[in-house]
Amino acid sequence: MNSHDTSVPRTILAGGPDSPAARFVAAMNAGDPTALDHAYEDGAVLIPVPGHPVTGPARVAANRHLQSFGLPIEARPRHAYVAGDIALLIVDWSMRGTARDGSEVDLSGTATDVVRRGADGRWRYVIDNPHGTA
């Protein structure tokens, strides 16, 4: 049975500087596609549009598209449910402003993400679902 874990790994996972959400935001906002890709496991799935999962090069391309806006993303972890080395994250996020091409961007959602702690102790995305139940 999964439980809401209140141990130190949950605290780190939920909002610490080495949490998956914090690493994702830092890499996204720095415009660093390599660092962003390191926030994921090799076979991780991203669902950039509800119902359309992508992995591999398509996942990298979808994240580069978001980075191309040149806008900061904000993420506020709401919950982290931990079972051993797997966790479910619920994260409120938003990206708003004027993109590099002059278009207005107003994106937001509540992500439901699955992360796994690797042998190196770092948490990485296995499933990145930014639109949650949409």
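User: Which residue just after α2 takes a positive phi?

Analyst: This is a predicted model, in which local features need pLDDT of at least 70, side-chain atom pairs count only at pLDDT 80 or more, and totals for chains, interfaces and linings use all residues. Residues are numbered from 1 along each chain as its sequence is written, and side-chain values use heavy atoms, with hydrogens and water left out. Elements are DSSP runs numbered from the N terminus, helices being H or I of at least four residues and strands E of at least two. Just after α2, a positive phi of about 70° is taken by Gly-31.

User: Which residues of α2 are buried?

Analyst: Buried means under 20% relative accessible area, exposed over 50% and partly exposed in between, with a 1.4 Å probe and protein chains only. In α2, the buried residues are Pro-20, Ala-21, Arg-23, Phe-24, Val-25, Ala-27 and Met-28.

User: Which residues make the contact of α2 and α4?

Analyst: Contact means heavy atoms within 4.5 Å. From α2 come Phe-24, Ala-27 and Met-28, and from α4 come Asn-63, Leu-66 and Gln-67.

User: Which side chain is joined to that of Arg-59 by a polar contact of 2.6 Å?

Analyst: Arg-59 is found in helix α4 and is buried, with a relative accessible area of 3%. A polar contact is a pair of N or O atoms within 3.5 Å; within protein, one must be able to donate a hydrogen and the other to accept it, and residues adjacent in sequence count only if both atoms are side-chain atoms. The partner of Arg-59 at 2.6 Å is Asp-37.

User: Is Arg-78 buried or partly exposed?

Analyst: Arg-78 lies in strand β3. Leaving aside neighbours within four places in sequence, Arg-78 is in contact with Ile-90, Val-91, Asp-92 and Thr-110. Because its relative accessibility is 43%, Arg-78 counts as partly exposed.

User: What separates the C-alpha atoms of Arg-78 and Thr-110?

Analyst: Arg-78 and Thr-110 are 32 residues apart along the chain. Their C-alpha atoms are separated by 9.0 Å.
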